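Please keep the sequence and the model in view while reading.

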Amino acid sequence: MSALFTIIVPVFLVIGFGYLVSWRGWFSESAVDGLMRFAQNFAVPTLLFASMARLNLGNEFRVALLLPFYAGAFASYLAGWAGAKYLFGRAPQDCVAIGFVCLFSNSLLLGIPIMERAYGAEALAGNWAILAIHSPTMYTFGITAMEFTRARGTGQSIGRIALRALTGVLRTPLVIGILCGLGMNLLTHAGLVMPEAFWAAVDMITRAALPAALFGLGGILYRYRPEGDMAAIAMCCMCSLFLHPAITFGMGHVTGLDSAGMRSAVLTASMAPGVNAYLFANIYGAARRVAASTVLIATMGSILSIWMWLAILP
């Protein structure tokens with residue numbers, strides 16, 4: 001019970017505060033959009049840059065850590081895609097969007113603060129390793145799957161579709177932050193030393209990233225009213241909150257993952273879909289209602305599911 005109040009509730013209180021002030025009209029939609037634009041386009045990419053620049057790449061990029069998480073993620077995608085297609089008879093583009101909702105965990109805005117509160121900042125190395133390839137991998141897969149689905153029967157070449165997908169991924173601020181951080185990491189190991197003032201400025205921005213993003217997330221969630229399609233929404237919540245972490249947990253035992261890695265992989269896998277899952281659906285105009293409602297309902301439901309996984313983990 002103590003984990004619920006000391007680890008999980010503070011994070012969701014910040015989200016709830018953003019939700020409350022948006023609901024009461026004390027923080028306008030334009031203000032929420034501006035805050036999220038700052039968080040997602042500048043502060044969070046800076047946080048990713050700093051984390052990647054300081055990550056011990058040799059120690060943390062382990063098959064035993066990454067394979068369980070991503071095996072669970074893609075199994076969750078397949079379950080969501082198959083359920084949308086065969087259980088609910090959704091259109092092909094809707095199936096991809098619903099699968100993406102099941103695939104994309106909120107590994108940064110929820111995963112990092114929950115993990116840090118549970119096990120301390122020193123336990124985040126595994127999370128950063130997962131995050132280093134999370135957005136590039138998930139966006140590349142999702143955009144490619146959607147572009148191939150849309151192009152079916154149009155005669156477009158595979159090369160053109162792949163180039164469009166890759167271009168879309170490389171323009172994402174989060175991916176730019178990760179790639180710049182990895183580049184800085186390599187340059188640092190090659191002997192580059194940045195001035196202390198540079199890192200002081202970077203750290204000032206990173207300290208604003210998560211509080212601003214969590215508060216803004218509350219404002220964004222206020223817009224997503226649960227509407228219809230409840231069976232599909234329930235399926236997405238089950239895949240995201242239970243199937244993905246369960247597969248990760250089982251695969252972690254198979255690969256001999258240590259306790260620290262198991263915590264990073266399973267807790268990250270147990271996070272609700274992030275707002276980016278809705279943005280993906282909105283860009284393509286596919287399954288937007290399912291995506292929006294799942295983000296809201298799964299985020300609220302993750303209070304209990306995270307508590308459960310914290311109790312199970314060593």
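## Helix packing

Axes are lines fitted to C-alpha atoms, for helices over the stretch in contact, and the angles between their N-to-C directions run from 0 to 180 degrees. Two packed helices are described by the angle between their axes and the distance between the axes. In this predicted model, helix 5 (residues 92–103) and helix 11 (residues 230–254) have axes that come within 8 Å and cross at roughly 35°.

From helix 5, Ile 98, Val 101 and Cys 102 meet Met 235, Cys 236, Cys 239 and Ser 240 of helix 11. The residues of this contact between helix 5 and helix 11 comprise six nonpolar, one polar and no charged.

## A buried histidine

Helix 11 also holds His 244. Its relative accessibility is 0%, and because buried means under 20%, His 244 counts as buried.

The side chain of His 244 reaches the backbone nitrogen of Ala 73 at 3.2 Å. Apart from residues up to four places away in sequence, His 244 touches Phe 69, Gly 72, Ala 73, Ser 76, Ser 105, Cys 239 and Ala 269.

## Nonpolar cores

The largest nonpolar core contains 93 residues, and those with the most contacts inside it are Leu 108, Trp 128 and Tyr 224. Helix 7 (residues 125–151) gives the most to this core, contributing 10 residues.

When neighbours within four places in sequence are left aside, Trp 128 is in contact with Leu 47, Leu 48, Ser 51, Met 52, Leu 55, Leu 108 and Ile 112. Another core, of six residues, lies apart from the largest one; among its members are Phe 49, Met 184, Trp 199 and Val 202.

## Aromatic pairs

The count of aromatic pairs comes to 16. One of them is formed by Phe 17 and Phe 215, an edge-to-face pair with 5.5 Å centre to centre and 70° between the planes. Phe 17 lies in helix 1 (residues 2–23) and Phe 215 in helix 10 (residues 196–222), so the pair ties together parts that are 198 residues apart in sequence. Phe 17 is partly exposed, with a relative accessible area of 46%, whereas Phe 215, at 19% relative accessibility, counts as buried.

Phe 69 and Tyr 70 have ring centres 4.8 Å apart and planes at 80°, so this pair is edge-to-face. Phe 69 is buried, with a relative accessible area of 0%, and Tyr 70 counts as buried at 9% relative accessibility. Elsewhere, ring pairs link Phe 100, Phe 104, Tyr 139, Phe 280 and Tyr 284 into a cluster.

Definitions and conventions: Residues numbered from 1 in each chain as written. Heavy atoms only, no water. Core = buried A, V, L, I, M, F, W, Y, C linked by side-chain atoms within 4.5 Å. Buried < 20%, exposed > 50% of the residue type's maximum accessible area, 1.4 Å probe, protein only. Helix = DSSP H or I, 4+ residues; strand = E, 2+ residues; numbered from the N terminus. Contact = heavy atoms within 4.5 Å. Nonpolar A, V, L, I, M, F, W, Y, C, P; charged D, E, K, R; others polar. Polar contact = N/O pair within 3.5 Å; in protein donor to acceptor, adjacent residues only side chain to side chain. Phe/Tyr/Trp six-rings, centres within 6.5 Å; stacked < 30°, edge-to-face > 60°.
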